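Let's take a walk through a protein model together. Keep the sequence and the 3D view open while you read.

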Amino acid sequence: MKAYVFPGQGAQFSGMGKELYESSAVARQMFDSADEILGFKITDIMFAGSDDDLRQTKVTQPAVFLHSVILARTMADFKPDMTAGHSLGEFSALVAAGALSFEDGLKLVSKRAMAMQKACEKQPSTMAAVLGLDDATIEKICAEIEGVIVPANYNCPGQLVISGEVSAIDKAVELMTEAGAKRAIKLAVGGAFHSPLMEPAKVELAAAIEATPFSKPICPVYQNVSTIAETDPDVIKANLVKQLTSPVKWTQCVRNMIKDGAVSFTEVGPGTALQGMLKKIVKADAVEGVEIFGIN
């Protein structure tokens with residue numbers, strides 16, 4: 001069975017989507033439509049903007065979403081048996097699977113980005129990547145630290161991202177290094193994504209998702225919160241809302257996809273981050289016969 005996976009924030013790069021725009025009439029129409037929906041020329045920033053331009057909140061998430069979804073839409077052989085997306089990429093996965101229209105998906109992603117930015121501005125917060133330490137040790141250290149701090153991204157064995165208040169993250173970096181982590185480094189992000197500090201954004205996004213029509217997808221979508229195959233529109237919507245304050249359980253999603261029959265994974269969108277994670281999950285579990293590809 002073929003699985004298609006979609007990257008999240010951080011995969012963006014200057015020039016993304018330009019070749020697509022120049023080579024496909026379908027892509028041009030979708031990019032032009034996106035400019036109208038967003039009310040500004042995101043295509044100019046994607047095709048020729050600087051890294052700083054692409055890091056603008058109103059740009060980053062819609063840019064990654066657009067690149068991924070339009071790429072999938074223009075693939076002649078895009079016939080997924082299952083899809084999944086990492087954080088923001090879950091919206092791309094849902095549009096690619098037909099659960100959500102392109103236009104509605106873009107509007108929700110834009111709303112999500114702005115709501116998250118507002119939540120970040122309310123309280124100084126950040127994230128840190130912890131490498132080379134087992135999940136249980138990281139979870140135990142987080143539980144013992146005063147303040148808001150939680151595991152946020154279970155990316156692959158030996159790579160977990162934590163999220164929370166700046167002082168708590170600083171303490172965690174120190175303790176995790178002492179506990180034997182190969183590296184524990186703060187990330188250059190605007191705030192504590194996938195933590196309780198995103199609650200204001202969750203409330204705002206919930207109203208927008210509730211007002212948006214969702215359909216039954218053409219194939220199961222493995223969501224970050226539940227980690228299992230989902231096809232019920234109401235469950236999908238509820239999980240999307242929970243995702244803002246819950247961890248991205250990517251390792252668990254991939255393991256369930258393999259358990260359910262996935263023998264090939266194709267990352268669709270900018271960058272190669274998911275391919276690296278997939279290879280580590282497959283290797284750690286000693287799974288054989290799983291092929292990993294990328295289209296960007």
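A quick word on the ground rules. This is a predicted model, where local features need pLDDT of at least 70 and side-chain atom pairs count only at pLDDT 80 or more, while totals for chains, interfaces and linings use all residues. Residues are numbered from 1 along each chain as its sequence is written, and side-chain values use heavy atoms, with hydrogens and water left out.

Start with the open sheet of four strands, which has the order β4-β5-β3-β6 and antiparallel pairing. Its edge strands are β4 (149-156) and β6, each pairing on one side only. On average, neighbouring strands here are turned by 20° against each other, direction ignored. Strands (E, at least two residues) and helices (H or I, at least four) are DSSP runs, numbered from the N terminus, and two strands pair if DSSP finds at least two bridges between them. Axes are lines fitted to C-alpha atoms, for helices over the stretch in contact, with angles from 0 to 180 degrees between N-to-C directions.

Now zoom in on β5 (residues 159-165). Six bridges link it to β4 in the antiparallel sense; N153 has V161 in β5 as its bridge partner, and P151 has I162. The two strands form a hairpin with two residues between them, and G158 in the turn has a positive phi of about 85°. Turning to β3, seven bridges join it to β5, again antiparallel, with S125 standing opposite E165.

Why is β5 largely enclosed by the rest of the structure? Seven of its seven residues are buried, so that's how it ends up enclosed. Buried means under 20% relative accessible area, exposed over 50%, and partly exposed in between (1.4 Å probe, protein chains only).

Two helices lie across these strands. Helix α8 (residues 135-144) lies across β3 (125-131), β4 and β5, at about 165° to β4. Helix α13 (residues 273-284) lies across β4 and β5, at about 80° to β4.

Finally, find V189 in the loop between β6 (183-186) and α10 (199-210). Because its relative accessibility is 31%, V189 counts as partly exposed.

Key
Contact means heavy atoms within 4.5 Å.
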